[in-house]
Amino acid sequence: MNQKYFPLNKQALEDLAKRYPTPFYIYDEKAIIENVRRIKAAFSVFSSYKNHFAVKALPNPYILKLLAAEGFGADCSSLPELMLAEMSGMKGENVMLTSNETPTKEYAAAKKMGAVINLDDFTHIEFLERTAGLPELISIRYNPGPLKEGNAIIGKPEEAKYGFTREQLIEGYALLKQKGVKRFALHTMVASNELSIPYHVETARMLFELAVDIFKKTGVRVEFINLGGGVGIPYKDDQVAIDYKILVDGIKKAYDEIIKPAGLDPMEIRTEWGRVITGPYGWLVSRAIHKKEIYRNYIALDSCMADLMRPALYGAHHHISISGKENERLTETYDVVGSLCENNDKFAIQRRLPKIDTAAEGKPGDFVVIHDAGAHGRAMGFNYNGKLRCGELLLRKDGKVVQIRRAETTDDYFATLNLKGVKKFT
Ligand SMILES: *Cc1c(COP(=O)(O)O)cnc(C)c1O
């Protein structure tokens, strides 16, 4: 048995692959929206809540439009991401720029859009003032350093390059106030893919206490607290999804204990969750093309780590299912690999799976579905080895499938080369 949700059966995949050859990503609109509504319902205990979807997780305007229609905004880390948010109808303070080592033109674009600028360093106060000019509303990113434990993906806060120290942060608000900034916000992002509810509640508690301290020391009352992203999803079969209600009730309890007695209620709560919004509702669908038996048994797909690099980059686990064989016994042990000339181009290592048919054996190769690929999936792709990244499909609520990004072609790969020059070049 090898089961995890996937919305299409084998016949539907056969039909789809005739129109859109594998590999492709497919996202489930209905499941994403239902998930967003569960999150909003949990946060409804606060008078005001908004998630800024981390665009980097799934930078496609079709997805951003769905989220905008649910009242979500965007968290952007670059100029192209700001542009994606804007073209998806996310406007003004619904957009945040949480960048680091920020180039002038990104600050200028964010200021022009009226986006919330989240400062990453004390020196950026004057840098921003000199370049784009200080906006009316400014957020500051806090790095708690040794006060907070980190986790595997993001590392320890004290070794992370992001944010202000506590002393710099207090000084920063005072300086911004002195320079005429009128409205303020507070942000942190200390973990990634973290499934522990107490960890996230502790982060909120830390920020609430900090907001009170900022108020006492500088008179600055932050308008909203952005708890950042980093909520994990159960990639592994023995992991369980975060229960939003339990998480938010924990955050609310900390709020009632800290923010209310300090007289800072009401204060808006924001998050910038990415992974947990779309991650479980996107899949990379490939076909098995080769089988190779040497010291280990390999199944090779028509995709590779250029399409999904989390396993190679972090040793991340992604559940794999074989369409139509979900109920078959796991009789084989395979390394499931791609075609890139890097031995870490493996989607799974020594994975127990049912027997897989490959195209090279003269049968239509089995569809191999890689789960939980809806965030930080295609977005991380690259073109090393001349590998062309696959396209993206969206399964609409009515069951129809639309292509929301085509696969790359060789023309795309050559687009940035000076091909006229090469003819003349001797
Ligand atoms: C990556 C990132 C996020 C989103 O993280 P998830 O793990 O996808 O929730 C949010 N904020 C910042 C600043 C980030 O860098």
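Within strand β9, residue T271 is the bridge partner of N51, where strands (E, at least two residues) are DSSP runs numbered from the N terminus. The structure is a predicted model, in which local features need pLDDT of at least 70 and side-chain atom pairs count only at pLDDT 80 or more, while totals for chains, interfaces and linings use all residues. Residues are numbered from 1 along each chain as its sequence is written, and side-chain values use heavy atoms, with hydrogens and water left out.

Strand β2, residues 49–54, and strand β9, residues 268–271, pair in the parallel sense over 3 bridges, two strands being counted as paired if DSSP finds at least two bridges between them. Strands of a sheet pair through backbone hydrogen bonds, either parallel or antiparallel. The pairing of β2 with β9 belongs to a closed barrel of 8 strands with parallel pairing, which runs β2-β3-β4-β5-β6-β7-β8-β9.

Around the ligand there are 14 residues, of which K56, G230, E272, R275 and H376 come nearest; a residue is near a molecule if one of its heavy atoms lies within 4 Å of it. Polar contacts are pairs of N or O atoms within 3.5 Å; within protein, one atom must be able to donate a hydrogen and the other to accept it, and residues adjacent in sequence count only if both atoms are side-chain atoms. A backbone N or O atom of G230 lies 2.9 Å from an oxygen atom of the ligand, a backbone N or O atom of G274 likewise lies 2.9 Å from a ligand oxygen atom, and a polar backbone atom of R275 is 2.7 Å from an oxygen atom of the ligand.

Notes: Helix = DSSP H or I, 4+ residues; strand = E, 2+ residues; numbered from the N terminus.
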